Each structure stands twice: as C-alpha cells, then as structure tokens.
Amino acid sequence: MLQCESIRVTYGSMRALDDVSFKVPAGDVVAVMGESGSGKTTLLRVIAGLVMPDRGSVSWEDRTITSDPAHVRRFGLMFQDYALFPHLSVGDNVAFGLRMQGRDAAERRATVDRMLALVGLAGYTGRGVSELSGGEQQRVALARTLAPQPQLVLLDEPLGALDRARRDQLLADMQRIFSELGVTALYVTHDHNEAFAIADEVVVLDSGHKVAEGTPSDLWTNPKHVAVATLLGFPVLRDVAVRGGRAVVGGVATPVELADGVYHLAVPPGSVVIAAGGAVPVEVHGRRFEDGSVTAVVDLDGVQILAAAPDGVALGRATVRVDTTALVVVDG
Ligand code: ADP
Ligand code: MG
C-alpha cells in the first residue's frame, strides 16, 4: 500500500500542494483528478521521488520513503508523451528496465514477448518505434513500464495525446491488463470519463487541495465540491438563497427541500428539461446533438445549462421545468 500523509509542496511563493493525504491499497487503481494546474503532476513526482515535499511523508508498505531516491523505489512511470528511445527497436525499448535489473537475454526476450502480446503488439519486437502510430507507441510505453514488474505504476495523463477512438481502446485494454496483472496504480487525469472507467477510488485536487475522495458513483451522486461538479460537467448555480422552502431559480420562486440558507447548487444532466408550460422562462442559444440525444443550450441565472430538449427544438424563447429534487448542494 502507498500512503501519502499531509504532503505540501511550495514553488517560490506558490503552494502547489497543501496537506494532501490519501492511500492506494495494494491491487487498487486510484485516480487523481483535477483541472490543469491543480497539482496532479507535482503529486505524482513527489511519489516517484522526483520532487521533495517541504512537509509530509510518503510511505510504501508502512516504510517511509520520502527521501529515498527515485531509482530505488521500483515504481514505474508513464507519461502523455511516449518518451520512447527513438533509436531503439520496440523490443529494446520494452527490455530497457529489464536490462537495468540485470536480467539475462533469454528472460528478457520471454518477458518482452509476453508484454507485447499483453498490449496487443505481438510480433512487433524488431520494428523501429518511429514507424509506429501514436496509439502503438503508447502501447509500447505501457509494455516498457510494466515489464520490470514495478510495485506501483504511476501514469500521468497517459491517453492525453490520443484521439478518442484510440483512447477508448487503450483505456479498455489498460483496465484488462491491470486487473490481469493485479497492478497497483495511481492514474492522473483531468478527464472524469477516464478516471471513472479505470479507478476504484478517485481523489480530486483543486488548487493543490484535496477537495473530495470517493468511488466514481459516490462522486457522481454527491460531487461535494464546486470543483468536482465542474469536472463532471455539472453547471453550478452559486449563492442561491433559500427562504421558507423556496429559492429563486431563473427569476421564479421555486419549491426546494432545503433549510433557510445560501447554497451552491450543482445541476446534474437531465434535471433541467425544455417543456411547454414549464415554470421558468429561458432563451435557447444553441442546440447540441450528442450520443443520440438533443440538448438545448440555455442560460439560467447567468450559468450555461444543457437542457434536455425535444428533436428540432427552436432557438429563441422557451420554458424549462427544473427538477429541484435533483439539484445537489456543493461546497465552494
Ligand atoms: P497539473 O499537473 O494538475 O496541471 P502541476 O502539478 O503541473 O499541475 O502544477 C501545479 C502548479 O504548480 C501550477 O500552478 C504550476 O504552474 C506550478 N508548477 C509546477 N511545476 C513547477 C516548477 N517546477 N516551478 C514552479 N512552479 C511549478
Ligand atoms: Mg500535469
């Protein structure tokens, strides 16, 4: 098990990470999710031993490793840019870590073949890496990372450079490979679809702070924090005042089941619907057609919302029904 305790990293006067604690149990995949600049790469580099935290500790199997040099940690790293050795063949790239470990030629060959088969590149051993597509290069990088049997695999936006089809394929393959090999991994991404597909548990960073942690379904049903809601694509109505069981939404007093107070309310998909005779008047600014359904782009209290809409919804004035029971209170 990996354990990070109260990690703090400061660059000059900039606090990149503050009081970040979490665990990666053996055999689990934990995702670290956050927008660009939230501190994900810094956290990964602390765990890898490439950045020394100014406070806090990293431990592996209950032993503190905070000041151990990177090369003794036996952790495997994989990045967005494949970082393959361009002058080496596919097989020599994959064998690199094994050579460093002093494995003999026969064992190296057998492991390389097994790893290439695992990532769907059986028979590619003798190819040059520059002849490969981006997706294939990233598969070689994965095989190279896994070949030395690292105790922990650290992945930093590994699918970031691939197109959607290639990304979905490699993501599914990684799920299969990690479960087949029982890999323990930390997977860094800004993309909730990737995080939710691959991880047992997701840690969410916002400006260097851990703002939420939970399973994908925990976070989807209760995003807890504006930063999580935003990463999930839920718009947030900020500072909504509730008085006597009513809140003003889109200029209309609407019943809500909340005590008096001021709230940030996240709007999950499907909770705002274009409907004739809906209570709240809106302006439809645009239309989208995604994954088989139509949504209308509307403004609600200055926040852009995608409202479920009938086929052929017209631009201009309309009314929406807001399912206030679906709105989720989040911290800001
Ligand atoms: P992420 O990977 O989530 O995009 P990073 O960990 O790369 O975030 O960066 C977190 C913050 O720390 C950013 O504001 C970034 O500009 C800053 N930062 C990262 N590395 C350095 C560095 N070597 N020196 C100074 N600032 C840095
Ligand atoms: Mg990064």
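Tutor: A crossing of two helices is left-handed if the near helix is turned anticlockwise from the far one by less than a right angle, and right-handed if clockwise. In this structure, α4 and helix α5 (residues 164-181) cross in the right-handed sense. The model is a predicted one, in which local features need pLDDT of at least 70 and side-chain atom pairs 80 or more, while totals for chains, interfaces and linings use all residues. Residues are numbered from 1 along each chain as its sequence is written, chains are lettered from A and ligands numbered from 1 in written order, and side-chain values use heavy atoms, without hydrogens and water.

Student: At what angle do α4 and α5 pack, and how far apart are their axes?

Tutor: Axes are lines fitted to C-alpha atoms, for helices over the stretch in contact, with angles from 0 to 180 degrees between N-to-C directions. For α4 and α5 the angle is about 15° and the axes are 11 Å apart. Therefore α4 is roughly parallel to α5 (under 35 degrees; over 145 is roughly antiparallel, 65 to 115 roughly perpendicular, the rest oblique).

Student: Which residues make the contact of α4 with α5?

Tutor: Contact means heavy atoms within 4.5 Å. From α4 come G135, Q138, R139, L142 and L146, and from α5 come R166, Q169, L170, D173, M174, I177, F178 and L181. By class, seven are nonpolar, three polar and three charged (Ala, Val, Leu, Ile, Met, Phe, Trp, Tyr, Cys and Pro are nonpolar; Asp, Glu, Lys and Arg charged; the others, Gly among them, polar).

Student: How does helix α2 (residues 90-100) pack with helix α4 (residues 134-146)?

Tutor: Their angle is about 30°, with axes 7 Å apart. This makes α2 roughly parallel to α4. The crossing of α2 and α4 is right-handed. V90, N93 and V94 of α2 meet V140, A143 and R144 of α4. This contact of α2 with α4 has four nonpolar residues, one polar and one charged.

Student: How do the axes of α2 and helix α3 (residues 105-118) cross?

Tutor: These axes come within 9 Å and cross at roughly 120°. α2 is therefore oblique to α3. The crossing of α2 with α3 is right-handed. On α2 the contact involves V90, G91, V94, A95, L98 and R99, and on α3 it involves R108, T111, V112, M115 and L116. Seven of these contact residues are nonpolar, two polar and two charged.

Student: Which domains does the domain assignment give?

Tutor: The assignment, automatic or from a database, gives domain 1 (2-223) and domain 2 (234-330). Their C-alpha centres lie 39 Å apart. Five residues of domain 1 are in contact with six of domain 2. Between them the domains bury about 360 Å², 74% of it on carbon and sulfur atoms (accessible area, 1.4 Å probe, lost on being put together and summed over both).

Student: Where is V303 placed, and which residues does V303 touch?

Tutor: V303 belongs to strand β18 (residues 303-308); helices (H or I, at least four residues) and strands (E, at least two) are DSSP runs, numbered from the N terminus. Leaving aside residues up to four places away in sequence, V303 touches P235, V236, L237 and V298. G160 is 143 residues from V303 along the chain, and their C-alpha atoms are separated by 28 Å.

Methods:
Buried area is the accessible area (1.4 Å probe) that two parts lose on being put together, summed over both.
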